[in-house]
Amino acid sequence: ADDVMADYTGKADYKIGFSQCTLASPFYVTMKEVAEDYAKQLGVDFVCVSANDDVTKQNNDINDMISSGINALILNPINAEGVAPAIEACQKADIPVITVDRNVNDGNTAYVGRDNEEMGRLVGEALVEELGGKDKAEGKILEIQGTAGDTVMMARRDGFESAIAEAPGLEVIQSAYCDYTRSKAVTATQDLLQSNDGIVAVYGHNDDMSLGAAQVLQEKGVEGVKVTGVDGLMEAVIAIKDGKYSITTMNDPGSLLKVAMNTTLKVLNGEDYEEFVDAGTGVIDSSNVDDYVDDSLAFAAMK
Amino acid sequence: MQEHDNILEMRKIDKLFPGVKALDSVDFSVKRGEVHCLIGANGAGKSTLMKILSGAYVEDSGEIIFDGEKLKPHGTLERKKKGISVIYQELSLVNELTVGENVYINNYPKTKFGTVDWKEVYKKTQEIADEMNMQIDVRAKVSSLNIGQRQMTEIMKALASNAKLIVMDEPSSTLSKREFETLLQLIKDLKAKGITLIYISHHLEELFLVGDRITILRNGKFVACRNASEINEDHLVEYMTGAKVSEKNEYTEAKPLNDEKVLEVKGLTNHKVRNISFDLHKGEVLGLYGLVGAGRTEVIRSIFGADLYEKGDIKLHGRPVHFKHTGEAIANKIGLIPENRKTQGLVQILPVWENMTMVALDKCKKNGIINYGVIRETCELYKKSLNVKTPSINTVIQNLSGGNQQKVIIAKWLFRDCDILLIDEPTQGIDVMVKEEIYKIIRNLADEGKSMIVVSSELDELLRICDNIIVMFDGKEVMTSSKENFNPDKILSVSVTGRNES
Amino acid sequence: MRKEPMKISNLLKKYNLLVLLIVFIVIASILSPNFLAVGNVLNLLQQASIPGIVAIGMTLVIIISGIDLSVGSVAAFAGMISAILVSKNVPIIIAVLAGVVLGAALGLITGILIAKFGLPDFIASLAMMEIARGAALLTTQGVPVFGLSSDFKFIGGGFIGKVSVSGIIWIILTVFFALLLKYTSFGRSLFAIGGNREAATLSGIKTTRNYAITYVLCAALAAFAGVLTASWLAAGQPTAGDGMELNAIAASVIGGASLSGGIGSMLGTFGGVFLLQIITNIFNLVGLASFYQQIAKGVIIIAALLLNRAIDAKK
Amino acid sequence: MRKEPMKISNLLKKYNLLVLLIVFIVIASILSPNFLAVGNVLNLLQQASIPGIVAIGMTLVIIISGIDLSVGSVAAFAGMISAILVSKNVPIIIAVLAGVVLGAALGLITGILIAKFGLPDFIASLAMMEIARGAALLTTQGVPVFGLSSDFKFIGGGFIGKVSVSGIIWIILTVFFALLLKYTSFGRSLFAIGGNREAATLSGIKTTRNYAITYVLCAALAAFAGVLTASWLAAGQPTAGDGMELNAIAASVIGGASLSGGIGSMLGTFGGVFLLQIITNIFNLVGLASFYQQIAKGVIIIAALLLNRAIDAKK
Ligand SMILES: Nc1ncnc2c1ncn2[C@@H]1O[C@H](COP(=O)(O)OP(=O)(O)OP(=O)(O)O)[C@@H](O)[C@H]1O
Ligand SMILES: Nc1ncnc2c1ncn2[C@@H]1O[C@H](COP(=O)(O)OP(=O)(O)OP(=O)(O)O)[C@@H](O)[C@H]1O
Ligand SMILES: O[C@@H]1[C@@H](O)[C@H](O)OC[C@H]1O
Ligand SMILES: [Mg+2]
Ligand SMILES: [Mg+2]
């Protein structure tokens, strides 16, 4: 993955727009920040607008950016179809669209992303191992869900549950949707602990929520529950090192954006580019955590 | 034959409100084409009876026959269509809409497309105004009108709906003498057009000017119905109270004023009034007379710090003051009883005790916190001494009758123990018995050495209680007269013409 | 004698907003030369159309001194239903109508709860906001509906020449409701109800009925806006319309409506919607970072209202 | 003669809510045997404490007939500032105070805009909502602040025995403000202002000042709640508090406050907050799916208010 991470060196004098679905989570904020720094480094003109999770606004934002004269658009769509009109407008204006993190069904030039189902599956498999293997593992797993109807949520759910299905002794209890936010996860965990005995593990659709669950477990003095999540959030990585957290999978937003910027510039310069870049993932647990701890970062970086 | 003479018969009407029997088997009949006066003390049930007539309230039992037809208990719209029009005590106009629009509200002339024909709305309104000799801008917003003009709008509204019977619930209580004259003429014109009128008022002398017959209610019961020509004011009061009137109240004696000046106003000028100057002495009751709109309210509001003023010097006990907030005036033992009970004087949704203690809550504290024992004692005391009729001091004030609400406001300021009280229209809408009580309170306060400025549109009232009267016209002071020289005719003519030639 | 103070004062009221709009347009076009480009203006019209249609209904509700917080989720629910029907090949006109009728039905419930049972507007519509949002999500378990026929795209996303169809619809609806307010008994009754409900009742106006109808209209317009959104995006989005209510209320108030009722105009609201849309548009054009956008938007709303008051005071 | 109908009527008022609460608790404990477990009750206390503290301030504002939409973002902003200070090793007490003072300052701005410059409550606080949210995000460019010292966790997430500290704080604040409302001139003045502002002014009450102070209190309480949230989650979250305002308003109204002002009580609000929290709690306990939760919540709010009215009518 080394060349994926390499900084782009081609000359550039472009205006690049970035339409971000939301900034309501560190994941997205990091994408934006890395992109801004990197753009400065490259000397390209760069604007980022957040759609605040509102598809209508995302379409409007993109139209406005077209009016303001961008040369290319980096897009993290709220969902796969909702920005179709804006993408059409980009096509009409000859503006290439490079999707990042989440993809669209149609009309983009390239996509830089990751396989969220794979992330879920990796966590699931590693967890089954931690709990003693397919045949021995038993008990309830609390699954803290992200945002309703969101493709990322569904992929992480399906990947994880397919791995757990291999172990007949395990049962998954789904929480209410917690929108990837910690405070909602805390309340949900509190309530679910009341009505469920025999919880052996927690799996959150992101680390932020799982950290909330971990906190509740600690407050309630419940021990031995494995806490797992997705993202490689540094706070979770450090918790793994401290033995308070078990597993996470990497989802470094910074690398995503750098690759997306590189791809964009290649497109603009007429160079060769890959239409699909999988930025990759990988498990972090107590066995390899030391390789990833770096508290100057918000998310663990791919090695 | 007799039957057909009556345009309206209300029989055995009962109405119970939670805790109050507002109407108790009331009979009431009105002859076609007459002006029928309906009177009774505050809370006697006059307005309730009229609201039942208009369909705003539904009677508990009883029947109503109008124009030979028994009415079913239904809403205001149907009764309006039948020709019953009520001008409520609390006028029911929409402030943000124009005169014409209020007149034709829900009854618009339409174009052939079924849309509102605005030209026609204003044309027809103007026609009504012209016919009735009313000076009014039919396109003005109601919020910009004075009370008299608002009343005219209500009357036009009734005429626009082809009313056969118009009820006027205390139309005169907020009118000046001159505006009342206009009303009187209007009533005559309406009568001439064959319209029947029901007229409610606490000004007994008016009844003889406008009315053919008079029905008296007491405590929700029918007492009597008499021809106006066969009865006098004393009888009326007797019917209203159920007791013989002791003696006609006399004007108090003129007495020398105390030399001590408690308030000196020089050259007071604000957005409404110019160059007002007067002194108020200890123990003096000073009247401010004038037409509605003369600027009397503005004078006392400026003194009280409720409104800003541009120029003028005010001295309190010889010391210059300039209050920027009502709190400062109150701290200096000045109080103000505003002209509008409902919107300025009281917080309607709060209980009697809270309204009574609102300006003097500090006096109800022990160790810096409010002591409800003190509040209860104080309020019970005033309830008794002012004879406030309320089930309890915890009753929400909006459930009290107007007169009793006014007493609560007076109690509020008595409790504050002010040296100077500014009183705006103290007896508006208040029955004759309570009026007397209020006059007595004012005179007693004066005897105790309190000083008062009383604004009133009822000259009689000022003549009775004041030591001096200032007459205002269009924001200016045009005449000052002391008790020994009171000349009602002169005061009246000066207040109308604005000229003091003598 | 035949002075017409009403019309002059109306003009002046509009003029406040006009001043504001002109100030904004001048600033905007200085900040960004692209602002007044024909493309951008048409862009603006299209962007403003959907919130604009919602704001029409909200203004009606504000005139009767109500408030409707449920518009955003009603829009989402109606959009979902239409999208699902379109995806099942139901004729487009029926799918659109179904969405609008659904919205109207929800509005009727809210309206009855408020007008007949006396629940506070704020809370009744808040409850409806939760219900409609839950229902919208429930239709497809939260998954957006894709792959709608391109015919459906016309009403929300189509163009006649260079002008967006939804923009044209917005203008037509604005004119229609402006006329309704001015020239029908129903329209006039809304001002009476909002200005003084008791007086309106005593004048024989069917206040309860008209109050409820107004909520029906508001919800139906919101639902229609939701259908237009689905059409525009060629997808039903159960999370659409979040925050729509606040935007619509702000637009109405900036356009001169009073939350205490009895005052409001379609033209004012039209301007208010435009003004709010310009704010976001110009920020995007000049590339102001997102966080600053929110702050600036808040500051500008306050400034606009203060300016409004200052102009008023001058009169 | 020494009857005290005032107190009885108060009791009756409370009794409405009590009936509701009991109905709920009975249903809840039938639906889930865990509901009345000590652990769950303490749980509820903790969960309700933060919205509860916000609702105290909101009730004050509602009593003066205002409304404050900015509480959620003020909470977030204050929480961020405290968290940042704690992360920079500023003494905790100072960090907490800084958050609260910041909130108070924002409340002062909103209050002055409303009370002095006459902007509508709804819009002024809406603008402040945008501003504070933007500012909260701006502090760290949107990144949460974590890794806070465990001492800081005590106020928001700590326990004394098994009882949560924030729960205790909530109870203390409720009692404090109930006494303030009942036994101080300032407290009584709020009812007068909300009931009839003009009459209050003419009674010498400093309405403008007290109106603004109420907004200051509301924002300071919201800010404190935000600091507690940061403490509880051991992280400053710039996006925290979204939707807090609607929850707080709903709790106040369910607790008997009237949005037209002059009516409201701390005990009622306490019950209202609890009731809303029970709804979510019981759904989670019985495992009702999310979408149904929203619908059921809306329906229950309506049912609660209708029941409330039915009980009222019986009296
Ligand atoms: N809506 C109501 N609810 C409860 N009580 C009422 C209501 N309306 C009137 N009352 C009570 O019914 C009685 C009759 O009131 P009403 O208004 O008819 O008197 P009134 O003769 O018009 O008095 P006033 O001269 O003061 O206008 C009073 O005791 C009043 O307090
Ligand atoms: N709230 C109001 N709305 C509309 N017009 C009003 C209002 N208050 C007063 N007016 C009108 O404004 C004019 C000035 O009245 P104002 O009260 O200032 O004078 P005043 O001399 O104190 O009269 P008053 O006899 O009522 O005390 C009058 O024509 C009055 O009818
Ligand atoms: O952390 C999450 C990220 O991994 C995903 O893409 O979307 C939701 C985020 O909060
Ligand atoms: Mg009456
Ligand atoms: Mg006056």
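Helices (H or I, at least four residues) and strands (E, at least two) are DSSP runs, and they are numbered from the N terminus. The model shown in these views is predicted: local features need pLDDT of at least 70 and side-chain atom pairs count only at pLDDT 80 or more, while totals for chains, interfaces and linings use all residues. Residues are numbered from 1 along each chain as its sequence is written, chains are lettered from A and ligands numbered from 1 in the order in which they are written, and side-chain values use heavy atoms, with hydrogens and water left out.

View 1. Helix H10(A) spans residues 234–241 and is mostly covered, with 6 of its 8 residues buried. Here buried means under 20% relative accessible area, exposed means over 50%, and partly exposed lies in between (1.4 Å probe, protein chains only). The buried residues of H10(A) are Met234(A), Glu235(A), Ala236(A), Val237(A), Ala239(A) and Ile240(A). Within chain A they pack against H8, H9, strand S10 (247–250) and strand S12 (283–284), and they also pack against strand S1 (145–146) of chain D. After H10(A) comes Gly243(A), which has a positive phi near 80 degrees.

**View 2. Glu235(A), a residue of helix H10 of chain A.** With a relative accessibility of 15%, Glu235(A) counts as buried. Its side chain is joined to that of Arg182(A) by a polar contact of 2.7 Å. A polar contact is a pair of N or O atoms within 3.5 Å; within protein, one atom must be able to donate a hydrogen and the other to accept it, and residues adjacent in sequence count only if both atoms are side-chain atoms. When neighbours within four places in sequence are left aside, Glu235(A) is in contact with Arg182(A), Leu211(A) and Phe146(D). Contact means heavy atoms within 4.5 Å.

**View 3. The interface of chain A and chain D.** Chain A contributes 24 residues to this contact and chain D contributes 29 residues. The two chains bury about 2200 Å² between them, 53% of it on carbon and sulfur atoms. In chain A, the residues that lose the most area to chain D are Asp191(A), Gln194(A) and Glu219(A), which together account for 24% of what that side buries. Buried area is the accessible area (1.4 Å probe) that two parts lose on being put together, summed over both. The rule finds 1 salt bridge across this interface: Glu219(A) pairs with Lys153(D), and the closest N and O atoms are 3.1 Å apart. A salt bridge is a side-chain nitrogen of Lys or Arg within 4 Å of a carboxyl oxygen of Asp or Glu. Across the interface of chain A and chain D there are also 13 residue pairs in polar contact (both at pLDDT 80 or more). On the side of chain A that touches chain D, helix H2 (26–42), strand S7 (170–177), helix H8 (182–195) and helix H9 (207–220) each supply at least two residues. H8(A) gives the most to that side, with 10 residues. By class, the side of chain A that touches chain D holds 10 nonpolar, 6 polar and 8 charged residues. Ala, Val, Leu, Ile, Met, Phe, Trp, Tyr, Cys and Pro count as nonpolar, Asp, Glu, Lys and Arg as charged, and the others, Gly among them, as polar.

**View 4. The interface of chain D and chain C.** Among the 5 pairs of chains that touch, chains C and D have the most contacts between them. Here 38 residues of chain D are in contact with 38 residues of chain C. The area buried between chain D and chain C is about 3600 Å², and carbon and sulfur atoms give 85% of it. Helix H5 (121–139), helix H11 (244–254) and helix H13 (290–314) of chain D are the elements that give two or more residues to the side of chain D that touches chain C. That side of chain D has 28 nonpolar, 6 polar and 4 charged residues.

**View 5. The magnesium ion (ligand 5) and its donors in chain B.** The protein donors are Thr297(B) (OG1), Glu339(B) (OE) and Glu339(B) (OE), lying 2.1 to 2.6 Å from the ion. Thr297(B) lies in helix H10 (residues 296–304) of chain B and Glu339(B) in the loop between strand S16 (334–337) and helix H12 (341–345) of chain B, so the pair ties together parts that are 42 residues apart in sequence. Thr297(B) is buried, at a relative accessible area of 14%, whereas Glu339(B) is partly exposed, at 34%. Donors are N, O and S atoms within 2.8 Å of the metal (3.2 Å for Na, K and Ca); water is not among the atoms, so sites may look incomplete.
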